Amino acid sequence: MDYADAQRVEGIFFKEKDPDSQPEDVEMVSVEGSSESVNARYDMDREKKNLALIINNVEFDESTGMSYRQGSDRDASAIKKTLKSLHFEVIDRKNLSVKDMKQIFKDISTMEHAKYNCFVCVISTHGENNNHVCGTDGKVKLDDLVELFLPDRCPSLIGKPKLFFVQACRGRKEDSGAPMHDAGDFRVKYQNVTSHKVPLGADMLLAYSTVPGFYSYRRSTTGSWFIQSLARILEKHGDRLELQQLMILVNRKVACEYQHSSTRKKQVPCVANMLMKELYFYK
């Protein structure tokens, strides 16, 4: 993938510099041995709370042409219960306009987060191509909301995990599935760098209910495949497994245990991980 292609990848919301442009003089910093001085886990102090925001958009203005999202209340209830069991203080909002969505994101991003270990946001709504999510009266780029939590906009969350879980369609394509063949595990080695700065995207995770361009399924009686799976996995293993292990279980549950009853279509979540440490919740 070249630079031009990378700029078009959905979900990448940071301004990039063309690698072919004229390089500037930079000071090179040695990273040898620095990994030993960095804690490999995020500090989840049991004396502190965690903060969560749930946005559950169910009813939409008639002018938008968007349908009622039956079953979404079950998602909101399930994930709220699970987050509270993991010591999250939950802010619960329903049927927000685009303006109200922007405002609640701005309000939380400008809060003082010293008393919180981490921030989680769950958005359950209609969605469209190009990373758009919907308020009750229109659509907004998810990137514009998430950017409010970047270090330069939300300094009190620097170095703390910021997790976004998005239940929304990302297009109109449907996944017909394919025969599954097991593959071997692999590991990626990395070094932590001791520095006075962090990249703008550091310490974030964005978990989408589906891959770019595809439908995200929801049952009217039981809720969405993704949020229900997330709530159950966090409830069962949330205080025992590391977050990446948890998300693999969520991916597997959605992909293997669900299938559209009539069309036999499938779905798999998509996780963009910029976390730099291991994350363990607690009960």
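This is a predicted model: local features need pLDDT of at least 70, side-chain atom pairs count only at pLDDT 80 or more; totals for chains, interfaces and linings use all residues.
The protein averages a pLDDT of 85, with 79% of the residues scoring at least 70; pLDDT is the predictor's confidence in each residue, on a scale from 0 to 100. Residues are numbered from 1 along each chain as its sequence is written, and side-chain values use heavy atoms, leaving out hydrogens and water.

Two stretches call for some caution. Across residues 1-15 the pLDDT stays under 50, and the model has 27 contacts beyond four places in sequence for them (a contact means heavy atoms within 4.5 Å). Residues 180-196 also stay under 50, with 12 such contacts.

Now to the sheet. Six strands form an open sheet in the order 2-1-3-7-8-11, with mixed pairing. Two strands pair if DSSP finds at least two bridges between them, and the elements themselves are DSSP runs numbered from the N terminus (helices are H or I with at least four residues, strands are E with at least two). Strand 2 and strand 11 (270-273) sit at the edges, each pairing on one side only. On average, neighbouring strands of this sheet are turned by 10° against each other, direction ignored. For such angles, axes are lines fitted to C-alpha atoms, for helices over the stretch in contact, and values run from 0 to 180 degrees between N-to-C directions.

Strand 1 pairs in the parallel sense with strand 2 over seven bridges, and also in the parallel sense with strand 3 over seven bridges. Ile-55 shows both pairings: its bridge partner is Arg-93 in strand 2 and Ile-123 in strand 3. Strand 3 also runs parallel to strand 7, joined to it by six bridges, and here Val-122 stands opposite Phe-165 of strand 7. Nine of the nine residues of strand 3 are buried, so this strand is largely enclosed by the rest of the structure. Buried means under 20% relative accessible area, exposed over 50%, and partly exposed in between (1.4 Å probe, protein chains only).

Helices cover this part of the sheet. Helix 3 (residues 98-109) lies across strand 1, strand 2, strand 3 and strand 7, running at about 175° to strand 1.

What about the packing inside? The largest nonpolar core has 36 residues, and those with the most contacts inside it are Ile-79, Leu-83, Phe-88, Leu-163, Phe-165, Leu-243 and Phe-281. A nonpolar core is a set of buried Ala, Val, Leu, Ile, Met, Phe, Trp, Tyr and Cys residues joined through side-chain atoms within 4.5 Å. Elements that each supply at least two residues of this core include strand 1 (49-56), helix 2 (72-85), strand 2 (88-94) and helix 6 (243-257). Helix 5 gives the most, with seven residues. Phe-88 touches Asn-50, Leu-51, Ala-52, Leu-83, Cys-118, Val-120 and Phe-281, not counting residues up to four places away in sequence. A second, separate core of 30 residues includes Met-101, Phe-105, Leu-150 and Leu-206.

Finally, the cysteines. The structure holds zero disulfides, taking a disulfide as a pair of cysteine sulfur atoms within 2.5 Å. Cys-169 is in no disulfide, and the nearest cysteine sulfur, that of Cys-134, is 9.4 Å away. Cys-169 counts as buried because its relative accessibility is 18%. Cys-121 counts as buried too, at 0% relative accessibility.
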